[in-house]
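Here's a quick briefing to read alongside the model. Have the sequence open and follow along.

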Amino acid sequence: MSELTTIARPYAKAAFELAVEKGNVEAWNEMLFFAGQVASDEQASSLLASIPTAAEQADVFIKVCAEQLNEQGQNLIKLMAENERLAAIPAVAEIFAEFKAEFDKEIDVNVVSATELAAEQQDKLVAALEKRFARKVKLNCSIDETVVGGLVIKAGDTVIDGSVRGKLDRLAVSLQS
């Protein structure tokens, strides 16, 4: 875990708990995503670094975000500026999104195949994965011709390698033993 993640986690957790309590998790997710994009921007980072006080940094950041932040979002920015943690906003947004996915019972699944999957294949795969993980699946498909055939599925820490390349690699290892 990176230092930035360690710094960001308590802010993300507090924001998430407040969002759940107020029933506006989606709004908070959008706010933090936008704030994270602003904080990641090189020009915005340079501008903020040139401002001497935390209060002024927070004011500028809030003005840049304009109507994207509600009052509680603005308070979070002020608090993070006071604690010299504005650089952690992108990590806060990312961790918040993870909390939201867990709350919504969603999981991102990356699927790598040698050729593009048809819509029908994707639908069947989503149904099977939703049954396996007992969650709503968001499928991210990509193509890698070195897979040769089959699929490589990655969901969190779980990897299912049903590719021809994976089977050939395992066969080569077993033959060398």
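A residue counts as buried here when its relative accessible area is under 20%, as exposed when that area is over 50%, and as partly exposed in between. On that basis, 33% of the 177 residues of the protein are buried. Keep in mind that this is a predicted model.

**Overall build**

- The protein has eight helices and four strands.
- Going along the sequence, they come in the order α-α-α-α-α-α-β-α-β-β-β-α.
- Its radius of gyration is 21 Å, whereas a compact globule of 177 residues would sit near 16 Å.
- Along the principal axes, the C-alpha atoms take up a box of roughly 65 × 35 × 30 Å.
- Among contacts with a separation of 6 or more, 67% are between residues 24 or more positions apart.
- The accessible surface is about 11200 Å², and carbon and sulfur atoms contribute 52% of that.

**Helix H1**

- How far apart are the end C-alpha atoms of helix H1? They are 30 Å apart, which agrees with the 28 Å that the 20 residues of H1 (residues 3-22) should span at 1.5 Å a residue.
- H1 does have a bend of about 30° at Arg9, and a proline, Pro10, follows within four residues.
- The buried residues in H1 are Ile7, Ala8, Tyr11, Ala12, Ala15, Phe16 and Ala19.
- A bit of background on that pattern: an α-helix has 3.6 residues a turn, so residues three or four places apart point the same way.
- After H1 comes Gly23, with a positive phi near 75°.

**Cysteines**

- As a reminder, a disulfide is a covalent bond between the sulfur atoms of two cysteines.
- To be counted here, two cysteine sulfur atoms have to be within 2.5 Å of each other. By this rule, the protein has zero disulfides.
- Is Cys65 buried or exposed? Cys65 is buried, because its relative accessible area is 1% and the cut-off for buried is under 20%.
- Cys141 has a relative accessible area of 40%, so it counts as partly exposed.

- You'll find Glu84 in the loop between H5 and H6, and it is exposed because its relative accessibility is 69%.
- Val148 is another residue other than glycine with a positive phi, near 75°. Val148 lies in the loop between strand E2 (136-143) and strand E3 (151-155). With a relative accessibility of 47%, Val148 counts as partly exposed.

**The tail end**

- Ser177 is in the segment after helix H8 (164-176).
- Is Ser177 buried or exposed? Its relative accessible area is 81%, so Ser177 is exposed, the cut-off being over 50%.
- If you trace from Ser177 to Ala119, their C-alpha atoms are separated by 41 Å, and the two residues are 58 residues apart along the chain.

Technical notes: Residues are numbered from 1 along each chain as its sequence is written. This is a predicted model: local features need pLDDT of at least 70, side-chain atom pairs count only at pLDDT 80 or more; totals for chains, interfaces and linings use all residues. Side-chain values use heavy atoms; hydrogens and water are left out. Helices (H or I, at least four residues) and strands (E, at least two) are DSSP runs, numbered from the N terminus. The expected span of a helix is 1.5 Å times one less than its number of residues. The bend at a residue is the angle between axes fitted to the seven residues ending there and the seven starting there. Buried means under 20% relative accessible area, exposed over 50%, partly exposed in between (1.4 Å probe, protein chains only). The radius of gyration is taken over C-alpha atoms; the globule rule is 2.2 Å times the number of residues to the power 0.38. Contact means heavy atoms within 4.5 Å. Accessible areas come from the Shrake-Rupley method with a 1.4 Å probe; for residues, only the protein chains shown count as cover.
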